[in-house]
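Here are some questions and answers for someone meeting this structure for the first time. Please look at the sequence and the model before reading on.

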Amino acid sequence: MKITFLGAAGTVTGSKYLLEYNNAKILIDCGLFQGLKELRQRNWQNHIDAKNIDAIILTHAHLDHSGYIPLLVKNGFRGRIYCSHATKALCEILLPDSGYLQEEDAYLANHYNYSKHKPALPLYDLKDAKKSLEYFTPLDFESELKLKGGLSFTFSPVGHILGASFIYLKTEKGTILFSGDVGRFNDPIMKTPSKIKDADYLVVESTYGDRLHSETDPEDELESIINSTIKGGGTVVIPAFAVGRAQNILYYIHKLKTENRISKNIPVYLDSPMAINATQIFHKFRNEHKLNEKECMEVCTTATYLKTADQSKSLNDSTTPSIIISASGMATGGRVLHHLARLAPDNKNSIVFAGFQAKGTRGDRLTSGEKELKIHGEIILVRARVHNLSNVSAHADYSEMLEWLSDIKAKPKTIFITHGETKAAESLKQKIVAKFEWNCIIPKMEQSFEL
């Protein structure tokens, strides 16, 4: 077997791993590059012969793992895309939204003339995204499927978000496991990751490989931020990932209101059609999270849902202090940009980030202290208070990763460490070597290995 790292090598985005075995070519994940311009440009560089890929196996729905699929289909991929049932349901929301945003970004760039490309074109469009959904085949967890060339695989739940899985592949000669994104062990909503399985080779994420999550209670942090902002007549805007973080934030706000730690009268708006749909999917897949039916209903009705663009724009005319939750979580696009453009210049307001911020994103720059943002071609001054909730990430930190790996009984031949910035990947490597004495490799982009 041969593995080639086509993404998430030296970065947290663009997850793509090509497996070649007995004339079969399988992609594990098919994600978009996000963040720094040099990374985003890789989305336009075609290093994959789409027509020769036999299948895609998807760990979960987040765009850095699934968002390149519409372009692969546009370029000729006609195989099957295997995933869990919840992953398919979420991709039915995420991928069309991504196609729409690609079109909208191109339209705005042309309309306001702030692109070097004449005309600016979308990577793919809404039609491409909808077409790609025809190739999805959902599978039950722990249900083994055999593929071309004598390779078989199973999905096992790994927390993180609904449907997220680690992938366990078997051949007659050996095994390889892909962690995907590993969830937290004490997440308030998602269940604990399944126990890892022994494998000859492992590909593991390292998003938080160089840090521990704070022990600070995010409810306490949110309570303080919300109360101080509202008291001062300001609004709290929370850029949140539509799948995962938005639901966690709603859960925390619901608890704070029911415990009278913040006023029950504070208006809360969920301004993201994608997040609204994803929240509703929590009802359908209640077996994958900790909330019972009553809790799920209460959390999902905590906010007023703003589905249309006109409803979203109506917030611009409101002077009532409120809480606005809107995608995207790294402020790379979506409706949250309009709210940031309006609210960031006023020091009465607060901007609260709730998850990992990839290098080069607006979220990364804001949490690093930058006081200017470029939004839709205009420079926006940032006077609002910027906060980064330190304990709401959906990724395991290095301690939780080591705990998860501790269930492995037989020493693997090699651990490939991916999906992390260079510092984080190197740090996790050192910790794995020190604790387990396993052979670890941090692959470079487009590097291949014979297994």
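Q: Which residue stands opposite Ile417 in β20?
A: The model is predicted: local features need pLDDT of at least 70, side-chain atom pairs count only at pLDDT 80 or more, and totals for chains, interfaces and linings use all residues. Residues are numbered from 1 along each chain as its sequence is written, and side-chain values use heavy atoms, leaving out hydrogens and water. Strands are DSSP runs of E with at least two residues, helices are runs of H or I with at least four, and both are numbered from the N terminus. Opposite Ile417 of β20 stands Val204.

Q: How many bridges join β11 to β20?
A: Two strands pair if DSSP finds at least two bridges between them. Strand β11 covers residues 201–205 and strand β20 covers residues 414–418. Glu205 has Thr418 of β20 as its bridge partner. These strands run parallel, and the number of bridges joining them is five.

Q: In β21, what is the bridge partner of Ile415?
A: β20 is also joined to β21. Two bridges link these strands, which run parallel. The partner of Ile415 in β21 is Cys440.

Q: Why is β20 largely enclosed by the rest of the structure?
A: Buried means under 20% relative accessible area, exposed over 50%, and partly exposed in between, with a 1.4 Å probe and protein chains only. In a regular strand the side chains alternate between the two faces of the sheet. β20 is largely enclosed because the number of its five residues that are buried is five.

Q: What is the angle between helix α7 and helix α8?
A: Two packed helices are described by the angle between their axes and the distance between the axes. Helix α7 covers residues 245–258, helix α8 covers residues 273–284, and their axes are 9 Å apart. Angles under 35 degrees count as roughly parallel, over 145 as roughly antiparallel, 65 to 115 as roughly perpendicular and the rest as oblique. α7 is therefore roughly perpendicular to α8, at about 70 degrees.

Q: Which residues of α8 make the contact with α7?
A: Contact means heavy atoms within 4.5 Å. On the α7 side are Ala246, Gln247 and Leu250. On the α8 side are Ala275, Ala278, Thr279 and Phe282.

Q: How many residues of α7 are buried?
A: α7 is mostly covered. Among the elements that cover its buried residues are α6 (218–231), β12 (236–239) and α9 (293–300). Buried residues of α7 include Tyr251, Tyr252 and His254. The count is 12 of 14.

Q: Which residue follows α7 with a positive phi?
A: α7 reaches 20 Å from its first C-alpha to its last. After α7 comes a residue with phi near 60 degrees. This residue is Asn260.

Q: Is Asp128 buried or exposed?
A: Asp128 lies in helix α5 (residues 126–132). Leaving aside residues up to four places away in sequence, Asp128 touches Pro70 and Lys74. Its relative accessibility is 16%, so Asp128 counts as buried.

Q: What is the relative accessibility of Asn23?
A: Asn23 is not a glycine, yet its phi is positive, about 70 degrees. Asn23 sits in the loop between β2 (17–21) and β3. Asn23 counts as exposed, with a relative accessibility of 73%.

Technical notes: Axes fitted to C-alpha atoms, helices over the stretch in contact; angles between N-to-C directions. Expected span 1.5 Å × (residues − 1).
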